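Here is a short tour of one protein model, written for someone who likes to know the cut-offs behind each term. Please keep the viewer open as you read.

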Amino acid sequence: MNIFENVAFGLRIAKVPEAEITRRVEEALELVNLPGYGRRSVDSLSGGQQQRVAIARAIVNRPQVLLLDEPLGALDLKLRKDMQVELKKIQQQVGITFVYVTHDQEEALTMSDTVVVMDKGNIQQIGTPQDIYNEPKNAFVADFICESNIIDGVMLEDKVVKMYGKKFACLDGGFAPDEAVDVVIRPEDIDIVPEEQGQLTGTVTEVTFKGMHYDIIVDFQGFKWLIQTTDYSPVGAKIGVKIDPDGFHIMKKSRYSGMFGDYSSYSSEYDELNEDSEAEDEE
């Protein structure tokens, strides 16, 4: 079938009058930025355009809810980001609720008004992208949504947390005195400073250039943190770090405590990825 017939398929099954089919298909193609493409073959389109045809075929039936299960997984990075913007515009124009399933955490934060984080079929947290990122409920959510350093701490009192034997000012409260907690520190909330100026000092063990920033692994007394920074520090360097009070997020202990947040395996994970890539190239 050509593009027009692909989009019209559901309407024909529903025995919609031909004139209305033509009108609704043309409207749907206009909405997905494919006006005038109706008589073309689907095989003549790019991957992104084919995804748009699939969206048009769904929305032309005017569903109340549209389920999209990893719809952009097969596209390359740039095209996927372009389609994310297109899909969000389409959703706002048609006013249909989109249930969007993805394992791409950045995509979830970019696309959604409400995020549901699940583990083995159990809901861990529901909230806005900002809530999920800034106020994770437990270590699973904190680790799953982007990168997080998760350190054992003790909440001495409201707005004062202790870790590594030192006290740090934070913005959280509502915990029992001396309650054991998980302390979340996002990699981008850490400032690298000269060793003598740091709240904590550690040793750089790994540096990876990521284009916009460096991923730096720092060993603090055997527990390795990830720091994302534009400042280069070589492997072996002794550095200090500073974290502002709003850089800490304090969570109650959960069954996920101790399972996430230590980047000791970071190097081996990159080695595995490189080995897989080399094996694919050889094939």
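Two strands count as paired if DSSP finds at least two bridges between them. Strand 14 covers residues 248-252 and is mostly covered, with 4 of its 5 residues buried. Buried means under 20% relative accessible area, exposed means over 50%, and partly exposed lies in between (1.4 Å probe, protein chains only).

A word on the ground rules: this is a predicted model, where local features need pLDDT of at least 70, side-chain atom pairs count only at pLDDT 80 or more, and totals for chains, interfaces and linings use all residues. Residues are numbered from 1 along each chain as its sequence is written, and side-chain values use heavy atoms, with hydrogens and water left out.

## The sheet around strand 8

Strand 8 also runs antiparallel to strand 5 (residues 149-157), and 7 bridges join the two. In this pairing, Ile150 stands opposite Val184 of strand 8.

Which strands make up the sheet, and in what order? It is an open, antiparallel sheet of 5 strands, ordered 7-6-5-8-14. Strand 7 (166-169) and strand 14 stand at the edges with a single partner strand each, so one side of each is left without a neighbour in the sheet. On average, neighbouring strands here are turned by 45 degrees against each other, direction ignored. For such angles, axes are lines fitted to C-alpha atoms (for helices over the stretch in contact), and values run from 0 to 180 degrees between N-to-C directions.

Another 5 strands form an open sheet with antiparallel pairing, in the order 9-13-10-11-12. Its edges are strand 9 (191-193) and strand 12 (223-229); each has a single partner strand, so one side of each lacks a neighbour in the sheet.

Inside this sheet, strand 10 (residues 200-209) pairs with strand 13 (residues 238-242) in the antiparallel sense over 4 bridges. Thr203 has Lys238 in strand 13 as its bridge partner.

## Aromatic pairs

Rings of Phe, Tyr and Trp (its six-membered ring) pair if their centres lie within 6.5 Å; planes under 30 degrees apart count as stacked, over 60 as edge-to-face and the rest as tilted. By this rule the count comes to 10 aromatic pairs. One of them is stacked: the rings of Phe140 and Phe144 have centres 5.7 Å apart and planes at 10 degrees. These two residues are 4 apart in helix 7 (residues 139-144), and are therefore separated by about one helical turn.

Phe220 and Trp225 form a tilted pair, 4.5 Å centre to centre with 50 degrees between the planes. Phe220 is buried at 1% relative accessibility, and Trp225 is buried at 0%. Finally, ring pairs link Phe140, Phe144, Tyr256 and Phe260 into a cluster.
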